[in-house]
Amino acid sequence: MVRGTVLDRSRQVALQIYDILHKRILDVDLAPGTVLSRAALQLEFGVSQTPVRDALIRLQEDGIVDVYPQYATVVARIDIQHAQQAQFLRLSLELEAINRLTCESPAETACDLSRILEKQRTFASPETYDSFDACDQEFHRKLYERVGILELWTNVRRQSVHLDRLRRLNLPMPGKMQTVLAGHQAIIDSIRSEKPEEAMAAMRKHLSGTLSITDIIREKFPDYVRE
């Protein structure tokens, strides 16, 4: 556990602790099964028990920690069923977004996405996972922005915590980043060519990548996953 993490005392402390722990869990820096000691967290952040408790309650509501009263708070295992539902939600929204954008603003959409992809290519290295993943989120967020449903992006992110944890385990696997880049390029090329069916097929293939290797992830990280 990191010690002495400095918080911005001008902002809500519990929310900052939540954000920090949320990122550590999604990045799998805190692995499933890790016990979160309230006393250790109070020491790390230099706070009383109340903001730590509030942050852990919010993480429990997100479904990424399990709280056992009078016993322990533990980082939850990755819920495959929840990840499958999140993927279904994303497919439903992003396929429709791609279809509409390819018909209504193909040149502008392809241009916006190409700029993001070029930036993402510069981070295709094990040393820059965080930046690569941030560009991936930016790529998909742009679809919601361009089609005018940006508020739904927030809902999708909230529902995607278990899918994101699977993606984080998948990303370091050999060839994964190159597959992501190729998927993004195929989406852009289909949009630019004004071929909505091809664009939707490319998006469907792209979004199916992580769940298609669930068995491999389960075998490699047997203690991380629950059905």
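The model is predicted: local features need pLDDT of at least 70, side-chain atom pairs count only at pLDDT 80 or more, and totals for chains, interfaces and linings use all residues. Residues are numbered from 1 along each chain as its sequence is written, and side-chain values use heavy atoms, leaving out hydrogens and water.

**Stop 1: helix 9.** Select residues 176-192. Helices are DSSP runs of H or I, at least four residues, numbered from the N terminus. The end C-alpha atoms of helix 9 are 25 Å apart, which agrees with the 24 Å that its 17 residues should span at 1.5 Å a residue. That expected span is 1.5 Å times one less than the number of residues.

**Stop 2: its buried residues.** Buried means under 20% relative accessible area, with a 1.4 Å probe and protein chains only. Colour the buried residues of helix 9, including Met177, Leu181 and Ile188. The buried residues pack against several helices, among them helix 4 (80-104) and helix 6 (129-147). Contact means heavy atoms within 4.5 Å.

**Stop 3: leucine 101.** Find leucine 101 in helix 4. Leaving aside neighbours within four places in sequence, show its contacts: Pro106, Thr109, Leu143, Arg146 and Val147.

How values were computed:
Axes fitted to C-alpha atoms, helices over the stretch in contact; angles between N-to-C directions. Helix = DSSP H or I, 4+ residues; strand = E, 2+ residues; numbered from the N terminus. Buried < 20%, exposed > 50% of the residue type's maximum accessible area, 1.4 Å probe, protein only.
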